[in-house]
Amino acid sequence: MKRILLFTLPILIIITIIIAGFGFLQVRFEEERLMDELKRKARAVAESVELSAKHILINKDHKSALKLVESFQKRERAQGCVIYDKDGQIFVITEKIFEWKNINKTDLANILLTKKPKDKLDKYKEYSIYSYILPVLDDESNILGFVEVIYDTSYMFVTLTQLWKRITITLTILLISITVITLLIQRQIFVLPVRRLTDWFKHFQKGEIDKLRPSILEEGEFGKLISEVEQVALSLRVARKVVTDSAKIRLEKEELWTEKKLRDLVQARLGENALFVVSNREPFMHVFDETIGKDVLIRPASGVVTAIDPILRACGGTWIAHGAGNSDKNYVNSKNKLGVPPDDIRCILKRIWLTKEEEDGYYYGFSNEGLWPLCHVTHTRPSFRENDWNIYKEVNRKFAENILDELPAKNPFIFIQDYHFTLLGKMIKEKRPDATIALFWHIPWPNPEVFAICPYQQEILDGMLGCDLIGFHLQSHCNNFLDTANRLIESRVDTEKFSVIRNNIETFIRPFPISVDFRNSDVTKNEISKIEEIRNELNLKDKIIGIGVDRIDYTKGLIEKILAIDKFLDKNLQYKNKFVFIQIAAPSRTHIKRYHDLMAEIDDLVEKKNWKHSNGNWKPIIYMKRHFSPEEIKPYYILADFCIVSSLHDGMNLVAKEYITSKSDLNGTLILSRFAGAARELMDAVQVNPYSIEEFSEAIKYALDLPVEEKRKRMGNMRKIVKENNIYHWAGSIITELTSLRKT
Ligand code: F6P
């Protein structure tokens, strides 16, 4: 519509200017014509009474004079007539205008001098009038007096106004006709063919091959363009088919899971059907940075993003997530989509907008004050509010509708992330029973007694069991879920197949321990210089350096970590001045009071413990409370002699695996909470119970005192595990499982 306006508006403006110009000239001509006509008439009338006036003035015949001026009232548009004596005194005047005192000294002097008539436009009461004064001369050309005739000119104004009206009506009809004709022509030659092409593309995108025939028949240049576009689209299909076939062949040869192997798997198994991933957190956020006064692109601190990002980079597809960045709206197209990563586009990110109220109820309220503490055994009481639950349902519905809009015609694959979307599986399945849906639960699943606290347990389980596959990190989480389904909802649990059957849908429950993108790369020059920079800036020379990277969350055991470091320094004075622990902490969910209070508590504790142990310039804890990108974090991992992951309860914890991935020189020790899912795989980490500050502090000492060879051996073993069970292995296993459940 905007384009059509852009096209027609200039035409309409030009036509308006031309017609208004012509109208103006026409009115001017008409005005002049009417004025001329009036002048001629006034002169003729004045001259016609000149002779009678002469007699009247010579004979001072007042009676005839009266008769003469009164006869004027009958003339068309004439207001009256005045006869003056030679001194300019009114001799006689038409009664209707008896208050008229027009003739003034200068006019009189002028006419006496020139003996020529004089006219002018003037006002009399509410009338616009025209006056014409004619000197009356005797036979020797001496002035005897004057005759003045007066005409009403308002009829001219009426005539000109009518003329303007006619011009305006003509112009309006013309403009409407031109607009309608342009719209019709545009529709015929542009809008309809484009609409046909758009429909064609929609069917093509959705894989509705049967609807692509017959191809679009258009003539002329536009027709040529359409046929070219059709060719490109069809070649794309052929190319995809070839890629799928060759991917199948390559897949059989490779052993270790890599980005390439995963891409081959997706191409071989999914073929032309792209993957749809849904998560609350988006992989890239556009945020306005007030300190530099412009928008910046950030990678949120999130386990989901760390895990899913390499998969979509490898496979393409569409990632649907909440657009939470305050500048996000400035970077999407009309369908709220953008290609990501922006500098090397690999997949499409579709941003879903939520109102503040929706974010409050669905994200902060139900997801993070309800389900999050419910699933993490950290003794923070879950809060379930009816209003939050209602909003949570609405937001799940909103996501479902957006996903349904995107799905191809047949057998789509949808991969849902986490506790934010427990209802999505069922909502999608109701509309698209042919969809194959997996849900991965990134946090722990509690036992049935704990889950039974949730007032909406039935609806949540019912929603989740709309999926074909539910993945957890650990077998124990799978067992808890099967127990929960068995006890809390009407269903049949098959303990051999590890599945739950409800409403004729069978949902398979499987453990898929999540991981990271393990790359065996040497430290780059850039990283070396960055490490040197950090070493100098933070005064780390000759220090034993520890690292912790966490979102500020009560599940991460940050308080316990600081207390353990404090105790370690109390008991091991030889480490004073020699030991520095860098804690990178990303603020998170800060609108929730528990998180807000935790931030203040940590600030306070770090300050107290640093004050207690500090000596000159040295302090044991460097607390960096801000968001760091993965690229910024990596030099700290490389630099650190040990890393502490102190989660009180955690689904997996990818920081542990990221640290291991960065240690290509094997020089590093991992101190890992036994309550993080990662502890099941990483048996060579120094494992601790973070609740026991005593044990924790001893574990730090133990880790630091390990012989170098032992440290290297442990790190080597853990690297082998992460290398084999990397993120591509995780995604490959889920996709293999998911595609084997494919609906036909
Ligand atoms: O890994 C669990 C998880 O809740 C993810 O779902 C989430 O992306 C991450 O932690 C970070 O939390 P948030 O997205 O609420 O900042």
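A polar contact is a pair of N or O atoms within 3.5 Å. Keep that cut-off handy for the exercises below, and remember that you're looking at a predicted model.

**Exercise 1.** Find out which residues are closest to the ligand and what kinds of residues make up the shell around the ligand.

*Solution.* Start with the count: 13 residues surround the ligand. The closest of them are R281, S302, Y363, D418 and R589. Now sort the shell by type: you get six nonpolar residues, three polar ones and four charged ones.

**Exercise 2.** Check the distances from oxygen atoms of the ligand to the side chains of S302, Y419 and R589.

*Solution.* Take S302 to begin with: one of its polar side-chain atoms sits 2.6 Å from a ligand oxygen. Next comes R589, where a side-chain N or O atom is 2.9 Å from an oxygen atom of the ligand. For Y419, the distance between a side-chain N or O atom and a ligand oxygen is 3.1 Å. Then look at the cover: on its own the ligand has 370 Å² of accessible area, and the protein covers 91% of that.

Terms used
Residues are numbered from 1 along each chain as its sequence is written. This is a predicted model: local features need pLDDT of at least 70, side-chain atom pairs count only at pLDDT 80 or more; totals for chains, interfaces and linings use all residues. Side-chain values use heavy atoms; hydrogens and water are left out. A residue is near a molecule or strand if one of its heavy atoms lies within 4 Å of it. A polar contact is a pair of N or O atoms within 3.5 Å; within protein, one must be able to donate a hydrogen and the other to accept it, and residues adjacent in sequence count only if both atoms are side-chain atoms. Accessible areas come from the Shrake-Rupley method with a 1.4 Å probe; for residues, only the protein chains shown count as cover. Ala, Val, Leu, Ile, Met, Phe, Trp, Tyr, Cys and Pro count as nonpolar, Asp, Glu, Lys and Arg as charged, and the others, Gly among them, as polar.
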